[in-house]
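Hello,

Here is the structure I promised to pass on to you. Have a look at it first, and then read on for what turned up in it.

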Amino acid sequence: MSPPELLKPASFETNLVQVTDSQLARYARMIYDRTGIRVSPHKKTLLSNRLRRRLRETGIAGFDAYYEHLRRLRPNDPEWDAFLQEITTHETYLFRDEVQWDWFRQRFLPDLVESARSGGRPRRLWIWSAACSTGDEPYTIACCIAAGLPDLSTWEIRVLGTDIGAGALEKAEEAVFCQRAMHLVRPEHHRFFTKARDAHIWQAKPILRKMVSFRRHNLMEPLAEGPFDLVVLKNVLIYFDVTSKKRVLENVRSRIRAGGLLMAGAADGVADLVRDYQRIQPWLFQRPLAPNARSDRRER
Ligand SMILES: C[S@@+](CC[C@H](N)C(=O)[O-])C[C@H]1O[C@@H](n2cnc3c(N)ncnc32)[C@H](O)[C@@H]1O
C-alpha cells in the first residue's frame, strides 16, 4: 500500500534521535483527531521510539514521510492499525480493579436475578465493554455471569467487547491468557478456563466464549448496537482531554438504557461530566430513568 516515492531504504533517519517539536505537534494533532487521545509534549522520546519501529517495518525513510503516508491512507488501512497499536496502551488483565467485580458479583447480579424473579425485568442482560483491549474485561464479565447467574441457559446474555485496535481484538478472539493476566482470577473460576499442559497459558472455555463477541469500534463515533444494561468504560478516558471525553460520553450515553449503569475507571475523571446520572460509587453511575419508567420497561 505504500506509495513508491516514500519507500527509500530505511536510512539514517530511523536512527535519528527524536521527532522535532513541530513533527510532534503534527502527529499529536493527527492522533487526537483520529482517536481523541491527547499526546503530551513530554512524550517526545516515547513517540519517537514508537515511530522508529514503524519506519523500520515499512522502510519509509523519515518521520515526515511516514506522516504524509498515514495522511493519505484510508482509516481502515492495516498500517493505521499498526500505528495505533504502537501509540495506544493496551494494559489489561482479568478482574482488574477487583472491587468493581466484587460489586458486580455481590450486588449487581443478585439484584438482577431478584428483579427477573419478581417479573420486574426480562431475563435479558446486555453489557458493553468499551475499549476492551485484548478482551480480559469482557471475559471477566462472562466469568462472573457463568458463576453467578442461576439458570444461565434461560437468559439472553450478550457481552460485547469493542476496541479501536484490530491487533488487540484478534487476541481477544483467541481468548488466550498468560499467567500474569490470570493472576487475580479466583481458584473457583479456574474451571471456566483450560490450562495448557506444562505451559502457563490459559484459554477461556466455550461457556464464556459463547457469551462474548467482539467488534472494532472507535469511541469517537456512535455505536449502532444497544441499548445496554451496563456499559464498562475503564482506563481509556484517562488519555483523553475534556472535549473528547465529552464526545465519548455523549456517544455512550445513548447506548445505555434509561436506568442502566456506567462503570468507569477510578482515574478516568468522568464524575463531573455525567452530573445528571446518579452517582452510586465514585466509579459507578446510573443513567436517569425515563420520565415515565413504565414505558421504559416496555421499551426493554
Ligand atoms: C489501557 S486499555 C484498557 C483496557 C480495559 N478497559 C481495562 O481497563 O483493562 C485502553 C484501550 O483503549 C483503546 N482505545 C484507545 N482509544 C480508543 C478509541 N478512540 N476508541 C476505542 N478504543 C480506544 C486502546 O486500543 C486500548 O486497547
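Let me start with the ligand, which sits in the largest pocket. Please keep in mind that this is a predicted model.

**Around the ligand**

Which residues come nearest to the ligand? There are 20 residues around the ligand, and of these Thr35, Thr92, Asp163, Leu219 and Asn235 come nearest. Threonine 92 also has a polar side-chain atom 2.6 Å from an oxygen atom of the ligand. Arginine 96 places a polar side-chain atom 2.9 Å from an oxygen atom of the ligand. With lysine 234 the backbone is involved: one of its polar backbone atoms is 2.9 Å from a nitrogen atom of the ligand. How much of the ligand does the protein bury? Taken alone, the ligand exposes 610 Å², and 99% of that is buried by the protein.

**The sheet of 7 strands**

Next, please find the open sheet built from 7 strands, where the order is β6-β2-β1-β7-β8-β10-β9 and the pairing is mixed. Its edge strands are β6 (212-216) and β9 (278-281), and each of them pairs on one side only. From one strand to the next, the twist averages 20 degrees.

Within this sheet, β1 (residues 124-130) and β7 (residues 228-233) run parallel and are joined by 4 bridges.

Most residues other than glycine have a negative phi, and most peptide bonds are trans. Two places here are worth a look with that in mind.

One is alanine 131, found in the loop between β1 and α6 (136-148). Its phi is near 60 degrees, a positive value in a residue other than glycine.

The other is proline 227, in the loop between β6 and β7. The peptide bond that leads from glycine 226 to proline 227 is cis, with omega near 0 degrees.

**The sheet of 3 strands**

There is also an open sheet of 3 strands, in the order β3-β5-β4, with antiparallel pairing. Why is one side of β3 and of β4 left without a neighbour in the sheet? Both β3 (176-178) and β4 (193-195) stand at the edges and have a single partner strand each, so one side of each stays without a neighbour there. Neighbouring strands of this sheet are turned by 30 degrees against each other on average, direction ignored.

The pairing of β4 with β5 (residues 201-204) is antiparallel and runs over 3 bridges. Here threonine 194 stands opposite glutamine 203 in β5.

Enjoy exploring, and do write back with any questions.

Best wishes

Methods:
Residues are numbered from 1 along each chain as its sequence is written. This is a predicted model: local features need pLDDT of at least 70, side-chain atom pairs count only at pLDDT 80 or more; totals for chains, interfaces and linings use all residues. Side-chain values use heavy atoms; hydrogens and water are left out. Two strands pair if DSSP finds at least two bridges between them. Helices (H or I, at least four residues) and strands (E, at least two) are DSSP runs, numbered from the N terminus. Axes are lines fitted to C-alpha atoms, for helices over the stretch in contact, and angles run from 0 to 180 degrees between N-to-C directions. A residue is near a molecule or strand if one of its heavy atoms lies within 4 Å of it. A polar contact is a pair of N or O atoms within 3.5 Å; within protein, one must be able to donate a hydrogen and the other to accept it, and residues adjacent in sequence count only if both atoms are side-chain atoms. Accessible areas come from the Shrake-Rupley method with a 1.4 Å probe; for residues, only the protein chains shown count as cover. On a 1 Å grid over the protein atoms alone, a cavity is a set of points where a 1.4 Å probe fits but cannot get out, and a pocket is an open set with protein on both sides within 12 Å along at least five of seven lines; lining residues have an atom within 4 Å of a point. A molecule sits in a cavity or pocket if more than half of its atoms lie within 2 Å of its grid points.
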